[in-house]
Amino acid sequence: MSEQAVTGAGGGPAPEQTPDAAGGDAAAATGGAAATGPTSAGMTADGTSPAPADVSGAGMSADAVPGTPGGGAPTGPQQRTTDITAGPGGVMTDEAGVVTGELTLRTEWTDGQVTLRVQYKDADEWYVVTGGRAALADPSGLDAVHTVAVGLLNRPEG
């Protein structure tokens, strides 16, 4: 790397000095005018948090969950459904034993618990997948659980 010339006000060489932590150098660089508005991008050199910026009306909230009242946690039961093909040996269920062939997988979340169910495609009756119940405190994990279940149970090529 090579050195660069640093110029100060009026195009002359900048005096050798250390940066001013209070922002005095920044004011000098703007002709002495006080800066208005935010002065940090959420970071500071000394590790202290900057004062929170007012972004009211920006239409965003870091804590909001889309599709929920007031942007809070989702309420009520939720589910994801995907058509799958059972692999060799089928899918073991609590009620019907092994089910095979073209199936529909439904991953449900209710009251902090996730349940995997399958049905023969276009049938009415659902069966709980053996071992397919687990605690899931946060329903935002439902998509991930469903994706993993589809990956494990869907075996269209055998």
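Start with the largest nonpolar core, a set of 13 residues. Select Ile84, Val91, Val99, Leu103, Leu105 and Val118, the members that touch the most other members. Bear in mind as you look that this is a predicted model.

Next, colour the elements that build this core: β4 (102–110), β5 (113–120), β6 (127–135) and α2 (142–153) each supply at least two of its residues. Which element gives the largest share? That is α2, with three residues. In soluble globular proteins, nonpolar side chains tend to be buried together.

Now zoom in on Val91. Setting aside neighbours within four places in sequence, Val91 is in contact with Ala86, Gly97, Val98, Val99, Leu103, Val118, Val129 and Leu153.

From that list, pick Gly97, which you will find in strand β3 (residues 97–99). Is Gly97 buried or partly exposed? Its relative accessibility is 21%, so Gly97 counts as partly exposed. Not counting residues up to four places away in sequence, Gly97 touches Val91 and Met92. Then try the distance tool: the C-alpha atoms of Gly97 and Thr130 are separated by 8.7 Å, though the two residues are 33 apart along the chain.

For the last stop, select Thr104 in strand β4. Thr104 counts as buried because its relative accessibility is 6%. Show the side chain of Asp83 as well, and you can trace a polar contact of 2.8 Å between it and the side chain of Thr104. Beyond its neighbours within four places in sequence, Thr104 is in contact with several residues, including Thr81, Arg117, Gln119 and Trp126.

Technical notes
Residues numbered from 1 in each chain as written. Predicted model: local features only at pLDDT ≥ 70, side-chain atom pairs only at ≥ 80, totals over all residues. Heavy atoms only, no water. Helix = DSSP H or I, 4+ residues; strand = E, 2+ residues; numbered from the N terminus. Buried < 20%, exposed > 50% of the residue type's maximum accessible area, 1.4 Å probe, protein only. Contact = heavy atoms within 4.5 Å. Core = buried A, V, L, I, M, F, W, Y, C linked by side-chain atoms within 4.5 Å. Polar contact = N/O pair within 3.5 Å; in protein donor to acceptor, adjacent residues only side chain to side chain.
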